[in-house]
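I opened the notebook to look up how side chains meet in one chain. The entries below follow the order in which I looked.

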Amino acid sequence: MDLSQNAWNSRYINNDIGWDLGKVSPPLKNYFDQLEDKKIKILIPGAGNAYEAEYLFNLGFKNVFVIDLSKTALNNFKKRVPDFPTSQLLHGNFFDINISFDLIIEQTFFCAINPNLRQQYAIKMHQILKTNGKLVGLLFNAPLYDNRPPFGGSKKEYVSYFKPYFEMKTFENCYNSIKSRHGKELFIQLIKK
């Protein structure tokens, strides 16, 4: 299975992006609408076309960063949101990032990385979150694929990765998923221990 930079660029060039909603995910939109401190530092890893970053930026959150392996995805975003600071568009591997954040948004990144990296993902999230920082977002709660993204999983599996590093404020079935994902998503709100 090829999860290289070239493979992800190819998927964006060929519009092979079935996970892409073309808009901010409703559960995350609802969460963002409740945030009051517009100065918090936010990261969206594996952001792809980054509709969540666009929504946050348009709400007045100016300290939003996105990182993706695909330069094509980042270019797509920059064309769509030309005022977004180029310095906050990070082209690279999430696991190499060494910046701290108050909030990290999970939206289809966890299901796109090799499942062998899931424990490392939890550790890295813990490392780059500030004290009392939060990891918030959506995880698939369904088997999905085992030979290509999106890779699925279960709440039981995910809890084993996160429990050592996070207090689980919310880790439950998502009530406001889009129709095609209804009953297949978990909404998580994890606080760094």
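Entry 1, a helix and one of its residues. Before starting I wrote down what a helix is here: a DSSP run of H or I with at least four residues, numbered from the N terminus. I also noted that the model is predicted. I then looked up Phe32 and found it in helix H2, which covers residues 26–34. Is Phe32 buried or exposed? I read a relative accessibility of 1% for Phe32, so it counts as buried, the cut-off being under 20%.

Next I asked which residues touch Phe32. With neighbours within four places in sequence left aside, Phe32 is in contact with Val24, Glu52, Tyr55, Leu56, Leu59 and Ile105. Phe32 and Tyr55 are 23 residues apart in sequence, and their C-alpha atoms are 8.5 Å apart in space.

How many aromatic pairs does a search of the whole structure find? I got 16. I looked at Phe77 and Phe84, which form an edge-to-face pair with 4.9 Å between centres and 80 degrees between the planes. The planes have to be over 60 degrees apart for that label. Phe77 has 0% relative accessibility and is buried. Phe84 has 1% and is buried too.

I then turned to Phe94 and Phe95. This pair is also edge-to-face, at 5.1 Å centre to centre and 70 degrees between the planes. I found Phe94 buried at 3% relative accessibility. Phe95 has 15%, so it counts as buried under the 20% cut-off.

I followed the ring pairs onward from there. They link Phe94, Phe95, Phe109, Phe110, Tyr121, Tyr158, Phe162, Phe166 and Phe171 into a cluster.

I looked for charged ends sitting over aromatic rings and wrote down two cases. The charged end of Lys62 sits over the ring of Phe57, at 3.9 Å from the ring centre. The charged end of Arg148 sits over the ring of Tyr145, at 3.6 Å from the ring centre.

I looked up Arg80 and Glu54, whose side chains meet in a salt bridge at 2.9 Å, N to O. Arg80 is in helix H4 (residues 71–80) and Glu54 is in helix H3 (residues 51–59), so this pair ties together parts that are 26 residues apart in sequence. I read a relative accessible area of 31% for Arg80, which is partly exposed.

The side chains of Glu157 and Arg118 meet in another salt bridge, at 3.0 Å, N to O. I checked where the two residues lie. Glu157 is in helix H6 (residues 155–162) and Arg118 in helix H5 (residues 118–128), and the pair links distant parts of the chain, 39 residues apart. What is the relative accessible area of Glu157? I read 23%, so Glu157 counts as partly exposed. Arg118 has 1% relative accessibility and is buried.

Last I looked up Glu185 and Arg181. Their side chains meet in a salt bridge at 3.7 Å, N to O. I found both Glu185 and Arg181 buried.

Key: Residues are numbered from 1 along each chain as its sequence is written. Side-chain values use heavy atoms; hydrogens and water are left out. Rings of Phe, Tyr and Trp (its six-membered ring) pair if their centres lie within 6.5 Å; planes under 30 degrees apart count as stacked, over 60 as edge-to-face and the rest as tilted. Buried means under 20% relative accessible area, exposed over 50%, partly exposed in between (1.4 Å probe, protein chains only). A charge sits over a ring if NZ of Lys or CZ of Arg is within 6 Å of the ring centre and within 35 degrees of the ring normal. A salt bridge is a side-chain nitrogen of Lys or Arg within 4 Å of a carboxyl oxygen of Asp or Glu. Helices (H or I, at least four residues) and strands (E, at least two) are DSSP runs, numbered from the N terminus. Contact means heavy atoms within 4.5 Å.
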